[in-house]
Structure formats: C-alpha cells, structure tokens
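Subject: Structure for you to look at

Hello,

Here is the structure I promised. Please open it beside this email and follow along.

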Amino acid sequence: MSVSVFRNYIAGEWVEGSSSIANVSPSDLSDVIGHYAQADAAQTKTAIAAAIEGQLEWQKSGLEQRYGVLMAIGDELIARKDELGRILAREEGKTLAEGAGEVYRSGQFFHYYAAEVLRQMGETADSVRPGVEIETRREPVGVVGIITPWNFPTATGAWKIAPALAFGNAVIWKPANQVPASAWALTEIISRQNLPAGTFNLVMGPGAEVGDVLINSRDINALTFTGSLETGRKVAAATAVNLVKCQLEMGSKNALVVLDDADLDNAVECAVGGAYGGTGQKC
C-alpha cells in the first residue's frame with residue numbers, strides 16, 4: 001500500500017526527498033502523525049542555490065509587501081492555534097494547552113516583526129571631513145540557515161524565520177527530525193504568501209546530512225542554531241572557517257539564583273515551572 005508523504009519545500013515547489021520517515025507520537029506509539037520526506041546533501045545544496053536567487057528578489061521588495069506577508073502568517077497561526085496546537089502536542093508530547101499557546105505566541109512573533117518592518121530607520125552623522133555626511137542603514141545579510149530543536153518546534157522556528165524575512169533575507173529551515181509536522185504546517189502557510197520562489201525553503205532530514213551541508217556551506221551568509229552544546233561546538237567550528245555569521249543557543253536547564261531577600265514561595269513556583277513545564281524541556 002502506498003503511503004502519502006509530506007514533502008520538502010524548495011524553490012517554491014513541494015519536492016520528494018530521497019527517503020521518508022514516520023512521525024510517531026511519543027505519548028501513543030500507535031499514533032502515526034504522518035510520513036515526512038528526508039532531504040539529502042544534493043537536495044540541500046539545491047535549496048541553498050534557490051535561496052540565493054530568491055533573496056536577490058526579496059531584498060528589493062517594498063516594506064508594505066513584507067509587512068503584509070508577515071501579518072498574514074501571524075493571522076493564520078493565531079486563527080488555527082487549536083488545530084495546529086493539537087498537531088504540535090501529538091508529535092512533541094506537551095499538553096494541548098501548551099501546544100495551542102505556542103502556536104498563538106508564534107503568530108504574535110510574526111505580527112511583531114511585521115511592525116518592525118515599518119519601523120526601519122537609518123542614521124546620519126557629520127563626518128570629521130568638512131562637507132561630508134555619513135549615512136548608516138541596515139541591509140539584508142543574505143541567505144540564512146536555520147536549525148531548530150524539538151522542544152518548541154513552532155516557536156523557535158518563528159523566532160528565527162520572522163526577523164530573517166522581515167529584513168529581506170532568504171531562509172533555509174532544517175527542523176528537528178522528531179517534529180516535522182509542525183515545521184511542515186508552518187511552511188505550508190508561508191508557501192501561500194507573496195514571496196519570490198526560493199525565498200523560503202524547508203529541508204527536513206538528518207543533521208548528519210542536511211545540517212552538515214548547511215554549516216559547511218560557503219554560500220550561506222548567516223546561520224542560527226538552537227540545540228546541544230556538543231553540536232553547537234561543531235556548528236561554531238564549521239561556520240568560522242568560512243567566516244559565516246553564526247548565532248548559537250545551546251544546552252541549559254533553567255538556572256536560578258535565590259538570594260537571602262527572595263520571596264521563597266515565588267522562587268519555588270519559578271523553579272517548579274522551569275523544571276517541569278513544557279514536559280521538562282524548557283531551557
């Protein structure tokens with residue numbers, strides 16, 4: 001019997017991977033959420049090439065176009081928070097309330113950066129040279145590689161994708177392989193927006209193959225990673241060789257300092273929430 005597979009999104013098209021994996025709920029091993037395509041190294045390189053082309057067009061887009069794209073994404077996430085929150089909870093393991101809350105909050109992130117699009121301003125200053133004025137303005141970085149973890153599959157993606165798109169960059173997103181459904185759902189929303197082909201790409205697949213291509217690529221201008229300390233060290237070393245701008249958010253577990261004058265009841269509540277909220281996977 002043939003199995004329907006949720007595909008990767010590259011260069012404005014839904015494309016099959018070299019293989020696929022079953023996405024199984026950790027709380028009910030009989031619950032198969034779906035089968036999701038796995039990109040290989042060649043397909044990841046195709047996504048990078050598409051992003052380069054898409055970014056050249058997207059950086060020319062007007063502020064109102066970018067604003068409209070980000071607002072539309074945020075609007076749909078908020079409107080579908082219960083539906084998408086249920087998918088998130090099934091594949092990640094957190095409660096339905098937390099799943100819906102994460103999707104709602106992700107919609108707010110897109111709204112926030114939509115507003116930031118319209119707040120872009122430059123600066124001017126007088127030079128030490130007579131008759132010369134200095135102008136400073138922000139420009140897109142270029143192609144941004146995004147690697148996200150499984151504990152906040154929609155929110156962490158939104159934190160990184162929204163600002164990248166807001167300021168005229170192209171995106172290649174590799175989500176954690178444990179939570180492809182949430183990434184696919186967000187990508188499906190983004191795929192229907194007014195974006196040049198290649199501006200946004202989803203490459204689901206193993207870190208050893210897809211992630212390795214991203215962190216070692218000379219054609220990516222910036223890379224953002226959230227994950228373990230061990231992997232983060234590898235990302236930092238690989239991107240440094242090619243002078244790729246790199247942002248890391250690595251392993252931690254709710255550090256808490258309680259001083260003598262602290263409200264102990266509040267401190268205990270914070271400690272318990274940090275330790276056990278989000279299925280114990282908040283950092």
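Which residues line the largest cavity? They are Leu 77, Leu 84, Ile 87, Val 103, Thr 154, Ser 182, Ala 185 and Leu 186.

Two notes on the basis. This is a predicted model, where local features need pLDDT of at least 70, side-chain atom pairs count only at pLDDT 80 or more, and totals for chains, interfaces and linings use all residues. Residues are numbered from 1 along each chain as its sequence is written, and side-chain values use heavy atoms, leaving out hydrogens and water.

**The cavity**

A cavity is a set of points on a 1 Å grid over the protein atoms alone where a 1.4 Å probe fits but cannot get out; lining residues have an atom within 4 Å of a point. The count is 1 cavity of 30 Å³ or more. Helix α6 (180–191) gives the most to its lining, with 3 residues. The lining has 6 nonpolar residues, 2 polar and no charged.

**The rings**

The whole structure has 7 aromatic pairs (Phe, Tyr or Trp ring centres within 6.5 Å, using the six-membered ring of Trp; stacked under 30 degrees between planes, edge-to-face over 60, the rest tilted). Phe 6 and Tyr 36 are stacked, 4.7 Å centre to centre with 15 degrees between the planes. Phe 6 lies in strand β1 and Tyr 36 in strand β5, so this pair ties together parts 30 residues apart in sequence. Phe 6 and Trp 184 have centres 4.9 Å apart and planes at 70 degrees, so they are edge-to-face. Ring pairs link Phe 6, Tyr 9, Trp 14, Tyr 36 and Trp 184 into a cluster.

Best wishes

Key: 1 Å grid on protein atoms, 1.4 Å probe; cavity = no way out; pocket = protein on both sides within 12 Å on 5 of 7 lines; lining within 4 Å. Points joined across faces, edges and corners; volume = space filled by probe spheres on them. Helix = DSSP H or I, 4+ residues; strand = E, 2+ residues; numbered from the N terminus. Nonpolar A, V, L, I, M, F, W, Y, C, P; charged D, E, K, R; others polar.
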